[in-house]
Amino acid sequence: MAKMTTCLWFDHGQAREAAEFYASVFPDTHVGSALNSPADNPSSKRGQEITVEFTLLCQSFVGLNGGSRFTPNEAVSFQVFTDTQEQTDRYWNALVGNGGTESMCSWCKDRWGFSWQIVPRALMAGMADPDPAAAKRVMEAMMTMRKIDIAGIEAARAGEAAHA
């Protein structure tokens, strides 16, 4: 048993659906065992799935089918680093295209309300550029984007006008 696992609260019956979706999108992700309720309780009836274990990008999680009492918010987000525009697009488009919503500066939400940041490493490198003017241009370019455009970030870093 892991020393620590993050528990994500889902509405009734959605934990497995979410875990299977995440496994279809992200590498090093799989759905593990489930725990069915041994007795009726406020969140489920006897025999219903209470939790499902899953590993997301090599990190341990448990999805709890707890009901609609609690919902996720932006105070916690999953930051996923990408190496290419193709990878950035694939993750972003999967999360947003499956009932999620876009936000600004690499942020989006999945259909269950969990916040994600799909962050190209090029963005982080640009914001950490030792040239303060380059870092400022990168930050300003990012502030205009929803999904991060790596070519736009690299052009801003180099001091070039963005290409259409």
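**Sheet pairing and aromatic pairs**

Trainee: How many bridges join S2 to strand S3?

Mentor: Five, and S2 and S3 (residues 49-56) run antiparallel. Strands are DSSP runs of E, at least two residues; helices are H or I, at least four. Strands pair if DSSP finds at least two bridges between them. This is a predicted model: local features need pLDDT of at least 70, side-chain atom pairs 80 or more, while totals for chains, interfaces and linings use all residues. Numbering starts from 1 along each chain as its sequence is written, and side-chain values use heavy atoms, without hydrogens or water.

Trainee: What's the partner of His30 in S3?

Mentor: Thr55 is the bridge partner of His30.

Trainee: And what order do the four strands take?

Mentor: S1-S4-S3-S2, an open sheet with mixed pairing. S1 (6-10) and S2 (30-36) are the edge strands, each pairing on one side only.

Trainee: New topic. How many aromatic pairs are there?

Mentor: The whole structure has 14 (Phe, Tyr or Trp ring centres within 6.5 Å, using Trp's six-membered ring; planes under 30 degrees apart are stacked, over 60 edge-to-face, the rest tilted). One of them is Tyr22 with Trp112: edge-to-face, 5.8 Å centre to centre, 75 degrees between planes.

Trainee: Is Tyr22 buried or exposed?

Mentor: Buried, at 1% relative accessible area. Trp112 is buried too, at 8%. Buried means under 20%, exposed over 50%, partly exposed in between, with a 1.4 Å probe on protein chains only.
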